[in-house]
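Hi,

Here is the structure I promised to pass on. Have a look at it first, then read on for what turned up.

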Amino acid sequence: MAERLPTSLARRVWRRATTRTSRARRVPGRATTRDGRPGVLAGYRQLLAAQVRSQLQYRASFTMDVFGNLVLTLMDVAAVVVLFRVTPVLGGFSLPEALLISGLANLSFALCDLSVGNIDTMRLYIRTGRFDAVLTRPLSALLQLVCGDLALRRLGRVVQAVVVLAVALNLVHVHWTPARAVLLVVAPLSGAVLFGSVFVAGSTVAFWFVESGEFANAFTYGGRDFTAYPVTVYAGWFRKAFAYGLGFAFVAYYPALALLGKPDPLNGPRLLSWSSPVVALAAAGVAALIWRTGIRHYRSTGS
Amino acid sequence: MGTAWALAVAGFRRYSTYRQATVAGAFTNTVFGFLRCYVMLAVAAAAGGTAAGYRGPQLVTYVWIGQGLLAVVQIWGWTDLADRVRTGDVQSDLLRPVNPVASYLAADLGRAGHAALTRFVVPTVVGALCFGMYAPHALASYPVFLLSVLVAVVASFGARYLVNLTAFWLLDVRGVFTLWLLGTGVLSGLYFPLAFLPGWAQGVLWVGTPFPATFQAPIDILVERGSVGHRALLLVDQLCWAALLLGLCLLVQRRAERRLVVQGG
């Protein structure tokens, strides 16, 4: 409906809808501006609430979804454990060390998946023409897409990744210093920002090639799989491209080396182990640039 | 038979129009091929050249053939039918004078044919160019592999169709679909050859679940792991699963039609 309305009218309809809920619910915080008009937050909050309600409609499906996702995250870790059944070391790392890398990678990805993972659906929006409607609303297009389908089940993945990381940390005996404690918090966040940048940059491909959404999976989900193992496992130009070109070595591998106090088997300078936040910020900058270029390039499919 | 052929051709042609998607899919499978191949080679190297009965080149073939095969058997599933149930479009499928299971199977075989000529070829060629792949020693392995792939497609179709049929009861199949992804990703042999698991777990998976029959069986036949008798057993396991799943599809389809509530709108 909204996509056929002229922008000004759509804006008015939108505003009215948001005013109604913010009054009815009396949401605390800055839902409304000082003169009583709905703030930007109210819009996002409403989108999220609608999502939560819609997902709870189909109980059986929702329960299975939550359960399946819980086990799915465990399986990423189980895969690493299974590989160690047939070999004592992998790329020069023992099982607990590999688990630490895997745990860091999983937590980074889970945090990213929870916050921006939904950008994946953008190709559907573009193909069906629903992206036009997104652009007419007076909210940021990127944030709307991100809020469009908040998957509650993804919260379970974060919890589980934290548990795996805690178990791994218990097994490897880290010599704790304040710097390492800070790194433990900063590394997953940097990793999430890096993954998020790849997700956003990857989704813009759909602006140019409407049917090619799966292309981005090579780098998003591929990145997740890449980071779950020590970088020493890979070789040649492939390692260079993924580890350094796309920066995936900085998600889990280098932070893990810093936590373990282990020198880089690839003979990189020690500073690399601590540089994840810088790499993440640079990646976010590049992604923002690509997104802006993409959105300017957007042409409706007309369907 | 003429109808089935026409439906299969239509399935083939439908997928041949998604050119960008085919290229993107083949690209993604190839990237994952590199990822998995390096991990498996590292495992084989650290384990002293042989891991769970696979030598290095066999693992290379395992990974790359697998990357091609996953599109042919459509390992990540599809929800076309479930979507049609939710929107009510399924009524037009039910009005046709062909059993829906048969017509969807025919279309799926056409789709698999298209995937075999495109998505299967790309990772296989890249793998052969970049790594040392194992080629079967016995000439008979090639035709048996083709037969095994065909049975795998039918078995996989049966399982996917059953997942979609739950839409008649649940309308929203997201949950069932997640469970399907869980089984198909980990238990089919995609993430690691099931031989890496303890013996009892392998037994449970091969006999108790259809997943290995849809994926690992054809690959094990091609890389010639185990004795000839062992590989013959894999094919028997596949045939049993394909027959069982198709039978279940027909049965559940009949029950589902009685449950149908066409959604308005």
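How many helices and strands are there in chain B? Chain B has 14 helices and 2 strands. Both kinds of element are DSSP runs numbered from the N terminus, with at least four residues (H or I) for a helix and at least two (E) for a strand.

Before you go further, some housekeeping. This is a predicted model, where local features need pLDDT of at least 70 and side-chain atom pairs count only at pLDDT 80 or more, while totals for chains, interfaces and linings use all residues. Residues are numbered from 1 along each chain as its sequence is written, and chains are lettered from A and ligands numbered from 1 in the order in which they are written.

**Chain B as a whole**

The radius of gyration of chain B is 19 Å, close to the 18 Å from the globule rule for 265 residues, so chain B is as compact as a globular protein of that length. (That radius is taken over C-alpha atoms, and the rule is 2.2 Å times the number of residues to the power 0.38.) Along the principal axes, its C-alpha atoms fill a box of roughly 60 × 40 × 35 Å.

Of those 265 residues, 50% count as buried. Buried means that 20 or more other C-beta atoms lie within 10 Å of the residue's own; 12 or fewer makes it exposed, anything in between partly exposed, and the C-beta atoms are placed from the backbone.

**Where chain B meets chain A**

Here, 34 residues of chain B are in contact with 36 residues of chain A; contact means C-beta atoms, placed from the backbone, within 7 Å. Helix H2 (19–46) and helix H10 (174–186) of chain B are the elements that give two or more residues to this side of chain B. The largest share, 15 residues, comes from H2(B).

H10(B) has 13 residues and reaches 18 Å from first C-alpha to last, close to the 18 Å expected at 1.5 Å a residue; the expected span is 1.5 Å times one less than the number of residues. Its buried residues include Phe177(B), Trp180(B) and Leu182(B). The buried residues of H10(B) pack against helix H3 (59–86) of chain A, together with helices H8 (141–165), H9 (167–170) and H12 (211–214) of chain B.

Which residues of H1(B) are buried? They are Leu7(B), Ala8(B), Gly11(B) and Tyr15(B). These four cover an arc of only 100° around the axis, which puts them on the same side of H1(B). (The arc is that of the directions from the helix axis to the C-beta atoms.) Helix H6 (100–117) of chain B is part of what covers them. On the other side of H1(B), Gly2(B), Trp5(B) and Arg13(B) are exposed.

**Three single residues**

His173(A) has a positive phi of about 55° although it is not a glycine. You'll find His173(A) in the loop between helix H8 (153–172) and helix H9 (178–203) of chain A, and it counts as exposed, with 9 C-beta neighbours inside 10 Å.

Glu224(B), also not a glycine, has a positive phi near 55°. Glu224(B) sits in the loop between helix H13 (216–222) and helix H14 (228–259) of chain B and is partly exposed, with 19 other C-beta atoms within 10 Å.

Finally, Gln67(B) is in helix H3 (residues 56–72) of chain B. With 28 C-beta neighbours inside 10 Å, Gln67(B) counts as buried.

Cheers

Technical notes. Two residues are in contact if their C-beta atoms, placed from the backbone, lie within 7 Å.
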